[in-house]
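Trainee: Could we go through this structure together, one question at a time?
Mentor: Gladly; let us look at it first.

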Amino acid sequence: MTKFSESSDKQFAKDIINVAPAQTAAWFNFEHEVNEKETKIPLKFKELIALGVSLTTQCPYCMEKHIKLAKQHGATQEEIAETILISAALRSGAAMGYGLLAMKLFKAED
């Protein structure tokens, strides 16, 4: 196997659906209820949040989906760029947070 995370890999979703249909349906329903319904948070904002999470969790399938939906809900290139940078800053902040834990663990060995 030489390539990981290709768009064509989505074809394997049917395998998950076929062997775990009830769980898959529950997950799809949960995802729909949380992400696809207009609530106090407008859909465009939900998609930008989802994009930020997909960037920090590094899910290419989620990025593809949420960029597309963010654009459909009126997100601009500037908003996408800001979301990318917010995610990058948050990710580096998390690394610093874990750096604190690393120092704590290092000093605990004294």
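Mentor: Before we start, contact here means heavy atoms within 4.5 Å. Please keep in mind that this is a predicted model.

Trainee: Thanks! With which residues is Ala70 in contact, leaving aside its neighbours within four places in sequence?
Mentor: Ala70 is found in helix H4. Its relative accessible area is 0%, so Ala70 is buried. Once the neighbours within four places in sequence are set aside, the contacts of Ala70 are Glu47, Leu48, Ala75 and Ile80.

Trainee: Which helices are included in what covers the buried residues of H3?
Mentor: Helix H3 takes in residues 43-57. Its buried residues are Leu43, Lys44, Lys46, Glu47, Leu48, Ala50, Leu51, Gly52 and Ser54. Their cover includes helix H2 (21-35), helix H4 (60-72) and helix H5 (77-108).

Trainee: How far apart are the end C-alpha atoms of H3?
Mentor: H3 has 15 residues, and at 1.5 Å a residue they should span 21 Å. The model agrees with that expectation, because the end C-alpha atoms of H3 are 21 Å apart.

Trainee: Which residues make the nonpolar surface patch?
Mentor: Let us begin with Val53, which lies in helix H3. Val53 has 45% relative accessibility, so it counts as partly exposed. A residue needs over 30% relative accessible area to belong to a patch. The patch covers about 360 Å², and its members are Ile41, Phe45, Ile49 and Val53.

Trainee: Is Ser54 buried or exposed?
Mentor: Ser54 has its place in helix H3. Apart from neighbours within four places in sequence, Ser54 is in contact with Cys59, Cys62 and Met63. Its relative accessible area is 2%, and the cut-off is under 20%, so Ser54 is buried.

Trainee: Now for charges. Which residue does Lys10 meet in a salt bridge?
Mentor: Lys10 counts as partly exposed, at 42% relative accessibility. The N to O distance in its salt bridge is 2.6 Å, and the partner is Glu64. Lys10 lies in the segment before helix H1 (13-19) and its partner in helix H4, so the pair ties together parts 54 residues apart in sequence. The residue you asked for is Glu64.

Trainee: And what is the N to O distance for the salt bridge of Glu31 and Lys65?
Mentor: Glu31 counts as buried at 13% relative accessibility, whereas Lys65 counts as partly exposed at 32%. The side chains of Glu31 and Lys65 meet in a salt bridge with an N to O distance of 2.7 Å.

Trainee: How many salt bridges does the count come to?
Mentor: A further pair joins the side chains of Lys37 and Glu33, at 2.9 Å from N to O. Both ends are partly exposed: Lys37 at 34% relative accessibility and Glu33 at 37%. With a nitrogen-to-oxygen cut-off of 4 Å, the number of salt bridges comes to four.

Conventions
Residues numbered from 1 in each chain as written. Predicted model: local features only at pLDDT ≥ 70, side-chain atom pairs only at ≥ 80, totals over all residues. Heavy atoms only, no water. Patch = residues over 30% accessible without salt bridge, like charges linked within 9 Å, V, L, I, M, F, W, Y side chains within 5 Å. Areas by Shrake-Rupley, 256 points an atom, 1.4 Å probe, with all protein chains shown as cover. Helix = DSSP H or I, 4+ residues; strand = E, 2+ residues; numbered from the N terminus. Buried < 20%, exposed > 50% of the residue type's maximum accessible area, 1.4 Å probe, protein only. Expected span 1.5 Å × (residues − 1).
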